[in-house]
Amino acid sequence: MPHLEILDKYKMKNTKIFILAGGFGTRLQSVVSDVPKPMAPIIDKPFLDYQIFQVREYFPDAVIYLLTYYKSEIIENYYKNDKSIKIIKENQPLGTGGSIKNGIKTLELQEDSSLLVLNGDTYIKPNLTNMIKTKKYDITILSSFQKECDRYGTLKLQDGIIIGFNEKVDNCKNSYINAGCYFFNSLKFFIDIVDDSFAIEYEFKNYLENKKISAYKYDDIFIDIGIPSDYKKMINYVSKNG
């Protein structure tokens, strides 16, 4: 159906891209304390460079917006000469959802806008074109299969749909988790949220009471550099794979 192909290309071209880069990185400060977590050095580059490189495979010409707070000036100075990278700085910490909502307000995005959001501390290599094209509902969450899930809440999936969010439990294994990558086919989700500061994960749970969320299954590399052991894992990965 050609009209659907045209629509998909339009969505890809006009999708805004946010990377959440405002966190404190408290658990990582024993090994990285002088820069914000997304700028943690990996060989000869900050972590954010590797993530941006992955996004550029699918959005080579798009502006990427970095949503910052903690030590924002370091991120601003590093990317100040790159016209394809823009900074949206928070005046106070707003949480993951509040940060996205602030970015939407700053850019004055309309309800029918589409938005791709990624965590600034998680290395993933999904096929973003497929993730966007295979959406079923207004929200799609990248769902990563993990053998060890102790650090994360898990997802309950059914036929490509998220039907529940499970709380984090000890010794959890072999489940899908929220990989911190979201595609919003529209911004209706944010319209009904009154608070300016909130965790998006919590609001997803509320949203499921009346709406559905797509799950895009992902079984490739997933490294959350939020703790020293995984930070070292990222360094080792880049050392071996370039």
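The model is predicted. Its largest pocket has a volume of about 1,100 Å³, and the second largest pocket has about 270 Å³. The count of salt bridges is eight, whereas the count of disulfides is zero.

**Largest pocket**

- The lining of the largest pocket comprises 44 residues, and those nearest the centre are T96, N119, D121, Y182 and E201.
- Elements that contribute two or more residues to this lining include strand 1 (16-21), helix 4, strand 9 (154-158) and strand 10 (161-166). Strand 11 (173-184), helix 7 (200-207) and strand 13 (222-224) also belong to that group.
- Strand 11 provides the largest share of the lining, with five residues.
- By class, the lining of the largest pocket holds 18 nonpolar, 16 polar and ten charged residues.

**Second largest pocket**

- The second largest pocket is lined by 15 residues, with Q146, E148, F222, D230 and K233 nearest its centre.
- At least two lining residues come from each of strand 8 (139-148), strand 13 and helix 8 (228-241).
- Strand 8 contributes the most to this lining, namely four residues.
- The lining of the second largest pocket divides into nine charged, five nonpolar and one polar residue.

**Cavities**

- Two cavities of 30 Å³ or more are found in the whole structure.
- The lining of the largest cavity has six nonpolar and two polar residues, and no charged residues.

**Salt bridges**

- K101 and D196 form a salt bridge, with their closest N and O atoms 3.7 Å apart. K101 belongs to helix 4 and D196 to the loop between helix 6 (188-191) and helix 7, so this pair ties together parts that are 95 residues apart in sequence.
- K101 is buried, at 10% relative accessible area, whereas D196 is partly exposed, at 44%.
- D196 also meets K105 in a salt bridge, at 3.1 Å from N to O. Because K105 lies in helix 4 and D196 in the loop between helix 6 and helix 7, the pair ties together parts that are 91 residues apart in sequence.
- E167 forms a salt bridge with K205, with a closest N to O distance of 2.3 Å. E167 is in the loop between strand 10 and strand 11 and K205 is in helix 7, so the pair ties together parts that are 38 residues apart in sequence.
- E167 is exposed, with a relative accessible area of 56%, while K205 is partly exposed, at 32%.

**Cysteines**

- The cysteine sulfur closest to that of C181 is in C149, at 18 Å, which is too far for a bond.
- C149 is buried, at 0% relative accessible area, and C181 is likewise buried, at 0%.

**Residue E111**

- E111 lies in the loop between helix 4 (95-107) and strand 6 (115-119), and E111 is partly exposed, with a relative accessible area of 40%.
- Leaving aside residues up to four places away in sequence, E111 touches S186, L187, K188 and I191.
- The C-alpha atoms of E111 and F189 are 9.1 Å apart, although the two residues are separated by 78 residues along the chain.

Methods:
Residues are numbered from 1 along each chain as its sequence is written. This is a predicted model: local features need pLDDT of at least 70, side-chain atom pairs count only at pLDDT 80 or more; totals for chains, interfaces and linings use all residues. Side-chain values use heavy atoms; hydrogens and water are left out. A disulfide is a pair of cysteine sulfur atoms within 2.5 Å. Buried means under 20% relative accessible area, exposed over 50%, partly exposed in between (1.4 Å probe, protein chains only). Contact means heavy atoms within 4.5 Å. On a 1 Å grid over the protein atoms alone, a cavity is a set of points where a 1.4 Å probe fits but cannot get out, and a pocket is an open set with protein on both sides within 12 Å along at least five of seven lines; lining residues have an atom within 4 Å of a point. Grid points are joined across faces, edges and corners, and a volume is the space filled by probe spheres set on the points. Ala, Val, Leu, Ile, Met, Phe, Trp, Tyr, Cys and Pro count as nonpolar, Asp, Glu, Lys and Arg as charged, and the others, Gly among them, as polar. A salt bridge is a side-chain nitrogen of Lys or Arg within 4 Å of a carboxyl oxygen of Asp or Glu.
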